[in-house]
Amino acid sequence: MIKPYLMFKRECAEAFEMYQEAFDGEMIAMQKYGDMPPNLEFPVAEDDKNLVLHAQLKLTESGSILGSDGKRDYQDSGKVSISVELDSEDRAKKAWNILKDGGTIHMDLQPTFFAKLHGSVKDKYGVTWMFTVN
């Protein structure tokens, strides 16, 4: 099983809440740095206690994404897209409309020769999504 792990800089909770709404997803876990037991070797600043240590969101029956906040500045390489196959055009359009808000459309969600609908969008957090409805 392969699950994409998305790295954010102080916006993981906000992004995962948007993804949960877009896909009517199920939040499996959302652990914050402040939930960790105190550790002198891994101190957590007060400003960082509400950041996401680990999140898991079920998007579809068989697909989940994972994520967390980190201190590094993650550059958008554009080499990876999350491909989501949905079972209905309505579900795809709902998710598409939420994710394209503030994002960049690479290929509009439209009928193609290989699918009822297909399209690609980069959301406002820099994550690229490919949608397919068979």
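This is a predicted model: local features need pLDDT of at least 70, side-chain atom pairs count only at pLDDT 80 or more; totals for chains, interfaces and linings use all residues.
Residues are numbered from 1 along each chain as its sequence is written, and side-chain values use heavy atoms, with hydrogens and water left out.

Let me begin with the overall layout. The chain has 2 helices and 8 strands, where helices (H or I, at least four residues) and strands (E, at least two) are DSSP runs, numbered from the N terminus. Read from the N terminus on, the order of elements is β-α-β-β-β-β-α-β-β-β. The C-alpha atoms fill a box of roughly 60 × 30 × 25 Å along the principal axes, and of the 134 residues in the chain, 39% are buried. If we take contact to mean heavy atoms within 4.5 Å, then among contacts between residues at least 6 apart in sequence, 55% join residues at least 24 apart.

Now to the interior. A nonpolar core here is a set of buried Ala, Val, Leu, Ile, Met, Phe, Trp, Tyr and Cys residues joined through side-chain atoms within 4.5 Å. The largest one has 31 residues, and those with the most contacts inside it are Y19, F23, W129 and F131. Two or more residues each come from β1 (5–8), α1 (12–23), β3 (52–58), β5 (82–86), α2 (89–100), β7 (117–122) and β8 (128–133). Which element gives the largest share of this core? That is α1, with 8 residues.

As background, an α-helix has 3.6 residues a turn, so residues three or four places apart point the same way. F23, leaving aside its neighbours within four places in sequence, is in contact with L59, V84, L86, R91, A95, L99, W129 and F131.

How do the two helices meet? The axes of α1 and α2, which are lines fitted to C-alpha atoms over the stretch in contact, with angles from 0 to 180 degrees between N-to-C directions, come within 8 Å and cross at roughly 155°. Angles under 35 degrees count as roughly parallel, over 145 as roughly antiparallel, 65 to 115 as roughly perpendicular and the rest as oblique, and α1 and α2 are therefore roughly antiparallel to each other. From α1, the residues M18, Y19, E21, A22 and F23 meet R91, K94, A95, I98 and L99 in α2. By class, this contact has 7 nonpolar, no polar and 3 charged residues, counting Ala, Val, Leu, Ile, Met, Phe, Trp, Tyr, Cys and Pro as nonpolar, Asp, Glu, Lys and Arg as charged, and the others, Gly among them, as polar.

R10, in the loop between β1 and α1, has phi near 75°, a positive value in a residue other than glycine, and at 48% relative accessibility R10 counts as partly exposed. D24, in the loop between α1 and β2 (26–32), also has a positive phi, of about 50°, although it is not a glycine; D24 is exposed, with a relative accessible area of 57%.

I28 lies in β2 and, beyond four places in sequence, is in contact with Q56, L57 and K58. S64, in β4 (residues 64–69), counts as buried at 17% relative accessibility, and its contacts, with the same exclusion of neighbours within four places, are K3, P4, Q56, L57, K58 and L59. V121, in β7, is buried with a relative accessible area of 0%, and touches W96, L99, K100, T104, I105, H106, V127, T128, W129 and F131, not counting residues up to four places away.

Conventions: Buried means under 20% relative accessible area, exposed over 50%, partly exposed in between (1.4 Å probe, protein chains only).
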